[in-house]
Amino acid sequence: MKKKMTMALMMTIAITANAMNYTDARREALFLSDKMAYELNLTDAQYDAVYEINLDYLMSVNMASDVLGPWWSRRDADLRYVLSSSQYARYAALGYFYRPLAWNAGTWTMHIYARYTDHNRFFHTRPTVYVSYRGGNNHHAASAYAGRTFHAQSAPKPAASHTSMLNHRPAAQPQPAHHQQASTRTSGAVRQQPTHSESARRSFGAHR
């Protein structure tokens, strides 16, 4: 009996003590950041910073207690430097942005996929730091985003080189309140990325 309890405990630790790997974290940070750029009307500089912050957060969580723990607090603190007051207010009001990650039955779940069910649709090109940034800013005591200017620059470019898809658009996605303002940025363009899960919310096995 004691041996069985020990084995069960070891299995629990194995499930809950694994961070999301870099490949998964980068994919999910890109999808989340793209939707934040779309709904919050981010500038290029904001888009890059938001991607870095989201990647750092997703790569740092190791167990259920981390979802809304110190790494989540650091993400929120960094985003306060990056977003304008109106952008931050909207971000904080949207649960799929404010608390993007959940831990359910041994898997990571991204809430954004309940909002955007087409997992292959992107509104913008990749951030300029997508290839070069591999995480780590949130491991420094001082924020990498403090004292920088993010609010008065151009908006991210809409996803390009997909004109052949314009006649085969996916079903309409939920529109944010500012979608009329965002129309000049999205231009109806769609960006194909590597196929995601078909489920309404993306889950990841935490043990690999």
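The buried residues of helix H5 pack against helix H2 (22-40), helix H3 (44-60), helix H4 (70-82) and helix H6 (95-98); buried means under 20% relative accessible area and exposed over 50%, with partly exposed in between (1.4 Å probe, protein chains only). Helices (H or I, at least four residues) are DSSP runs numbered from the N terminus. This is a predicted model, in which local features need pLDDT of at least 70, side-chain atom pairs count only at pLDDT 80 or more, and totals for chains, interfaces and linings use all residues. Residues are numbered from 1 along each chain as its sequence is written, and side-chain values use heavy atoms, leaving out hydrogens and water.

**Confidence**
- The chain has a mean pLDDT (the predictor's confidence in each residue, from 0 to 100) of 75, and 63% of its residues reach 70 or more.
- Among the elements of the chain, the highest mean pLDDT, 96, belongs to helix H5 (residues 85-93), and the lowest, 37, to helix H1 (residues 2-16).
- Over residues 179-208 pLDDT stays under 50, and the model has 89 contacts (heavy atoms within 4.5 Å) beyond four places in sequence for them.

**Helix H5**
- Gln87, Tyr88 and Tyr91 are the buried residues of H5.
- These residues lie on the same side of H5, because they cover an arc of only 95 degrees around the axis, taken from the directions from the helix axis to the C-beta atoms.
- Exposed residues Ser85, Ser86 and Ala93 are carried on the face of H5 turned away from its buried side.

**His139**
- His139 is placed in the loop between helix H7 (112-115) and helix H8 (179-186).
- His139 counts as exposed, at 55% relative accessibility.
- Not counting residues up to four places away in sequence, His139 touches Ser60 and Trp71.

How values were computed:
Helices (H or I, at least four residues) and strands (E, at least two) are DSSP runs, numbered from the N terminus.
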